[in-house]
Amino acid sequence: MAPLAPVTAVRASALVQRFGTQVAVGPLDLDLPAGARLAVLGGNGAGKTTLLRMLATVARPASGRLEVLGLDAVRQRDRLRARVGYLGHQVGLYPALTALENLEFFAALHGLEPRHARDALALVRLAPLARTRAERLSRGQQQRLALARAVLHRPELLVLDEPDASLDAEGRGLLGGLLEGRTAVLATHDTALARDLCDRAVLLRAGRVAGDPWALRVVGG
Amino acid sequence: MRFLSIALAVARKDVRCELRGRELLPALAQFIVLALVIANFAFDVDLVQGPRLSPGILWLVLVFAGLVAFGRAFAAEKDSGSLEAMLLTPAGATAVFAGKAAAAAAMLVACEAVLLPAMAIFLGSPISPLVVGTVLLATIGMAALGSLFAALAAQTRARELLLPVLALPIWVPFVVVGGRAVQLAMAGQSPSTLPLAGQPLLVLADFDILFLVVACLAARFVLDD
């Protein structure tokens, strides 16, 4: 029998991230129900990226507890990674490989068949550029390709750090489709985009929850 | 099985990127030829001295070519963010490391394919199958350790400085034992005539197994922690 989907997608309690002696995030409490879409807002250096990196298991929290999709984000991160899609600041593509080869490579790492790469490419409307090397794509097209990589394995939770960077209107229009049916956490400076895509938001200031800009269900630390 | 298929996919990707980008191999080939030309003038090598000096020159050039080849293996991926993207898949850091080490070893083998014939031309070194076998055997362990330290150095800002400081002392056993084996082979002696415990090829094989296991065990902590 397939395991039941967790009711809570993200549960953080007293979550802290430090760089040296400086506290970058926290202490922070957060509860995100499955299927919800959370926008993380805040100025530069507010801790958005640091928070997202912890949620995506890129970085380990310095202290506190973080549960993602019912799994411990530190101890069970290997299992978790198959269920989370992440897009960071860098596109992380291979310039010498074509758009399709880039995705096929990541499909192989996920243990997926190459057809998943074609599906993901079509999802971001880059199918006509499948045979174009990543280095010859525009910055916006590279961002779309990186988005395709993030959703390649059909993750339950999507963690996107400024996904709209360099995207044109068509590209931004694709974001809604990519988030559909998934729990999502995205950091952005664009409040209008956050309103379009998300049903709740949290405002970070100096690593702490400074308020809920839309007065929605976020528990601040 | 999955470990192997992932390692193979990573290695294939690295080799494909290098063949298309042609960033490393042409520069390394030039470095090798230049190093041999300099050695030729610096040691005033003639046909009598050449074979005697060859083992030392071979390992010197190989070690420095290795530093360049392994240094690139992780640094470029770390800077572009693709290493992070790979590690966020369920592939596992050890399999990713094994693939990258295999690709780095393939680069070093390509260097050796330039180095050995060039040594025969410039220094008159007698390159026998035994010399080739010894160098290939040493390449496995050197690649495992070199890639591990390259992964470690890539996490730091002073990576160009850190990699030689870490790798060179640990490569010394390969240079000592490999140098002895190449010396014997170039002198026309078979290392198998030595007592079993002193056979350099066996010692090199032992080093390979030891350092492969150590590097694979340590890779997860270096890459993903």
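What follows is a tour by question and reply.

Modeller: This is a predicted model: local features need pLDDT of at least 70, side-chain atom pairs count only at pLDDT 80 or more, and totals for chains, interfaces and linings use all residues. Residues are numbered from 1 along each chain as its sequence is written, while chains are lettered from A and ligands numbered from 1 in the order in which they are written.

Biologist: How many helices and strands does chain B have?

Modeller: Start with the terms. Helices (H or I, at least four residues) and strands (E, at least two) are DSSP runs, numbered from the N terminus. Chain B has 8 helices and 0 strands. Its pattern along the sequence is α-α-α-α-α-α-α-α.

Biologist: What is the radius of gyration of chain B, and what does the globule rule give?

Modeller: The radius is taken over C-alpha atoms, and the rule is 2.2 Å times the number of residues to the power 0.38. For the 225 residues of chain B the rule gives 17 Å; the radius of gyration is 18 Å, which is close, so chain B is as compact as a globular protein of that length. Its C-alpha atoms fill a box of roughly 55 × 40 × 30 Å along the principal axes.

Biologist: What share of chain B counts as buried?

Modeller: A residue is buried if 20 or more other C-beta atoms lie within 10 Å of its own, exposed if 12 or fewer, and partly exposed in between, with C-beta atoms placed from the backbone. In chain B, 45% of the 225 residues count as buried.

Biologist: Which residues of α1(B) are buried?

Modeller: They are B:Ile6, B:Ala7, B:Ala9, B:Val10, B:Lys13, B:Asp14 and B:Cys17. Seen down the helix axis, they fall within an arc of 160°, so they line one face of α1(B). The arc is that of the directions from the helix axis to the C-beta atoms. On the other side, B:Leu4 and B:Leu19 are exposed. Just after the helix, B:Arg22 takes a positive phi of about 45°.

Biologist: What covers the buried residues of α1(B)?

Modeller: The cover includes α3 (99–109) of chain A together with α5 (93–122) of chain B.

Biologist: How many residues of chain B are in contact with chain A?

Modeller: Two residues are in contact if their C-beta atoms, placed from the backbone, lie within 7 Å. By that rule, 18 residues of chain B are in contact with 21 residues of chain A. On the chain B side, α1 (2–21) and α4 (82–87) each supply at least two residues. The most come from α1(B), with 8 residues.

Biologist: Is B:Ala138 buried or exposed?

Modeller: B:Ala138 is buried, with 29 other C-beta atoms within 10 Å. It lies in helix α6 (residues 129–154) of chain B. Leaving aside neighbours within four places in sequence, B:Ala138 is in contact with B:Phe174, B:Gly178 and B:Leu204.

Biologist: In what order do the 4 strands of the open sheet in chain A run?

Modeller: Strands of a sheet pair through backbone hydrogen bonds, either parallel or antiparallel. Two strands count as paired if DSSP finds at least two bridges between them. Here the order is β2-β1-β4-β5 in chain A, and the pairing is antiparallel. At the edges stand β2 (22–33) and β5 (71–72) of chain A, each with a single partner strand, so one side of each is left without a neighbour in the sheet. Strands β1 (residues 8–19) and β4 (residues 63–68) of chain A pair over 5 bridges. A:Ala12 has A:Leu66 in β4(A) as its bridge partner.
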